Amino acid sequence: MLTQSDVSQLNEAVLAEYLQDKLPSFSGNLRAEKFAGGQSNPTFKLTVGNDHYVLRRQPPGKLLKSAHAVDREFRVLKALSSTNVPVADVYHLCEDTSVIGSMFYVMQYMDGEVYWDSSLPEIAEQQTRNDMYQQMSHVLADLHSVDIEKVGLSDYGKPGNYFERQLSRWSAQYKLSEIDPIPDMDTLIRWLEANLPEDDGRVSLVHGDYRLDNLMFAKSAPKIIAVLDWELSTLGHPLADLAYQCMQLRLPAHIGHSSGLGGVDREALGIPSEKEFIDQYCHRAGIENISNWHVYLAFSFFRLAAIAQGVAKRAQEGNASSDQAGKVGAMVPPLAKMAVELIKEFE
């Protein structure tokens, strides 16, 4: 079994020798420090002299098929560098697992702020909070407006109904990761299989994990300077991202690693309601209305629960990248229960 040090540490001497001629301005000793986040792919700050970089790696050990795709992250970040979507520059992808024990890539270090609490207690002004959420809706709409052929991503995902493919994929992943039976998850999977809407043909680049703590804001303004963590990105239906973000805002404050807004007085904080957030997105994206919203929301709860179950399974096997992984697994039953309750509201 892997130890936590296998996941959280790098061989700095070996890495420095490998990167010597692969990064701009590489000079001086290399130091690596793991960031606290990164449940899926361990992420490190590299300091080389006066310069800083970020390294994202697959966790070592046995991995589920198609999981931890840092090579896909590298590709999409490189493709988006010429668009309006704010991303860090990427410098090098290493597919040789013998260097540090798993595939990795190195990208630009962005000096900004990442917020973990959706109520933004660090922000003093109501208007600033409102502007930050408006930024979130606008950047998401801009992402879904990217010309996938122009940026070379027309083959980045499979054709066909995105929600059907995702339901099939995550149902299979969930079953592979299942530790104890969760009846609400079984109910949710059956309901989604019976209620997914017909494919409307809409296809865009989707992030797959678009939420507050995967966004970096400028330190001096309510402006997003980088969208982070693209491991789950693919070609799919844009409303999957929108529903996932709105699902995050429905979560209670005590669940998971980022705090939701369930039961919070948003108006008092200056944070838009779900309807206002959706309206901002639709206006930016040129969409008139959304049908089957509750199905998209229920799917988002299911997908997050399936992802959390995978983290719990990796924690059990000893190759999860965060010591909080076990707590993430505890999210699965309440997420499934919330989704089942949501379904009942619309029946």
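Visitor: Let me start with one side chain: is K175 buried, partly exposed or exposed?

Guide: Bear in mind that we're looking at a predicted model. The label follows from the relative accessible area: under 20% is buried, over 50% is exposed, and partly exposed is in between. K175 has a relative accessible area of 45%, so call this lysine partly exposed.

Visitor: How many salt bridges does the structure hold?

Guide: There are 11. R56 belongs to strand β3 (residues 51–57) and E73 to helix α3 (residues 70–80), so to speak distant parts of the chain, 17 residues apart.

Visitor: And are R56 and E73 buried or exposed?

Guide: R56 is buried, with a relative accessible area of 6%. E73 is buried as well, at 0%.

Visitor: Which residues are linked with each other in a network of salt bridges?

Guide: R56 and E73 again, joined by D229.

Visitor: What about D213, which side chain does it meet in a salt bridge?

Guide: R211, at 2.9 Å from N to O. D213 is buried, with a relative accessible area of 5%, and R211 counts as buried at 9%.

Visitor: Let's turn to helices. How are two packed helices described?

Guide: By the angle between their axes and the distance between the axes. Take helix α7 (residues 238–250) and helix α9 (residues 274–285): their axes come within 11 Å and cross at roughly 155 degrees. Angles over 145 degrees count as roughly antiparallel, and that is therefore how α7 and α9 run relative to each other. Their crossing is right-handed.

Visitor: Which residues make the contact between α7 and α9?

Guide: On α7, look for P238, L242, Q245, C246 and R250; on α9, pick out E274, F277, I278 and Y281. Sorted by class, the contact has six nonpolar residues, one polar and two charged.

Visitor: How does helix α4 cross α9?

Guide: The axes of α4 (residues 126–144) and α9 come within 8 Å and cross at roughly 40 degrees. That angle makes α4 oblique to α9. The crossing is right-handed. From α4, the contact includes Y133, M136, L140 and H144, among others, while α9 brings in F277, Q280, Y281, R284 and A285. By class, the residues divide into seven nonpolar, five polar and two charged.

Visitor: One last stop: where does S204 lie, and what does it touch?

Guide: S204 lies in strand β6 (residues 204–206). With a relative accessible area of 2%, this serine is buried. Leaving out residues up to four places away in sequence, S204 touches H144, T234, L235, G236 and P238.

Methods: Residues numbered from 1 in each chain as written. Predicted model: local features only at pLDDT ≥ 70, side-chain atom pairs only at ≥ 80, totals over all residues. Heavy atoms only, no water. Salt bridge = Lys/Arg side-chain N within 4 Å of Asp/Glu carboxyl O. Helix = DSSP H or I, 4+ residues; strand = E, 2+ residues; numbered from the N terminus. Buried < 20%, exposed > 50% of the residue type's maximum accessible area, 1.4 Å probe, protein only. Axes fitted to C-alpha atoms, helices over the stretch in contact; angles between N-to-C directions. Parallel < 35°, antiparallel > 145°, perpendicular 65-115°, else oblique. Left-handed = near helix turned anticlockwise from the far one by under 90°. Contact = heavy atoms within 4.5 Å. Nonpolar A, V, L, I, M, F, W, Y, C, P; charged D, E, K, R; others polar.
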